[in-house]
Amino acid sequence: MAKNTQHILVVDDEKDTCLLLSQVLEKEGYDVDTASSGKEALSILKKKKINLVITDLKMPEMDGLTFLREARKLKSKAKFIMMTAYGEIETYLDAINLGAFDYLVKPMEISDVRIAVKKALQAH
C-alpha cells in the first residue's frame, strides 16, 4: 500500500509532460492519473475522488481555465496547480481568482513541483 492515499490528476496535451510528472509523483507515493485533454480530465473527475489536479493552461479543445471552471461546476474539492510556458499576469490572476492553488511556469524544476504538490495537499 502506498504511503500517500492522495490522488493526483495530471492534465497536459504533451504526453512527455504527463509521463514525467506521473513518474515523479508515483515515486513520491501518490496515486496518479493522467489525461491529455480537459474533456478527458472532467470524465475522470466525475468518476474518482481527486485531491489535486496539475493542469496545463494551453491545450486544444478546452484550455486550463475553462477546465478549472467546469471542474468547479462538478463541485470538485480538488486543489488546482496550473502550468504554463507563457507566464502572462492576466492568466495568472484569472487562475488564482478561479481558485487555483498555485501557478508554475514551464520549464519547471522537479523540486518546485514537489514543493507545490506538498503545499497544496497540506492546505485545507
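Trainee: Hi! What do the buried residues of α3 pack against?

Mentor: Hello! This is a predicted model, and in it the buried residues of α3 pack against β1 (7–11), α2 (38–47), β3 (52–56), β4 (79–84) and α4 (89–97).

Trainee: Which residues of α3 are the buried ones?

Mentor: Helix α3 spans residues 64–73, and its buried residues are Gly64, Leu65, Phe67, Leu68 and Ala71. They sit on the same side of α3, because they cover an arc of only 160 degrees around the axis.

Trainee: Nice. And which residue caps the N-terminal end of α3?

Mentor: That would be aspartate 63. One of its side-chain oxygens lies 3.2 Å from the backbone nitrogen of leucine 65.

Trainee: What about just after α3?

Mentor: Look at lysine 75 there: its phi is positive, about 65 degrees.

Trainee: Changing topic: where is aspartate 33, and is it buried or exposed?

Mentor: You'll find aspartate 33 in strand β2 (residues 31–35). Its relative accessible area is 18%, so it is buried, the cut-off being under 20%.

Trainee: Which side chain does aspartate 33 join in a polar contact?

Mentor: The side chain of histidine 7, at 2.6 Å. Not counting residues up to four places away in sequence, aspartate 33 also touches Ile8, Leu9, Val10, Ile44 and Lys48.

Trainee: How about threonine 84, buried or exposed?

Mentor: Threonine 84 is buried, at 1% relative accessibility, and its place is in strand β4. A polar atom of its side chain lies 3.0 Å from the backbone nitrogen of tyrosine 86.

Trainee: What else is threonine 84 in contact with?

Mentor: Leaving aside neighbours within four places in sequence, threonine 84 is in contact with Asp56, Leu57, Lys58, Tyr103, Leu104, Val105 and Lys106.

Note on methods. Residues numbered from 1 in each chain as written. Predicted model: local features only at pLDDT ≥ 70, side-chain atom pairs only at ≥ 80, totals over all residues. Heavy atoms only, no water. Buried < 20%, exposed > 50% of the residue type's maximum accessible area, 1.4 Å probe, protein only. Helix = DSSP H or I, 4+ residues; strand = E, 2+ residues; numbered from the N terminus. Arc of directions from axis to C-beta. Contact = heavy atoms within 4.5 Å. Polar contact = N/O pair within 3.5 Å; in protein donor to acceptor, adjacent residues only side chain to side chain.
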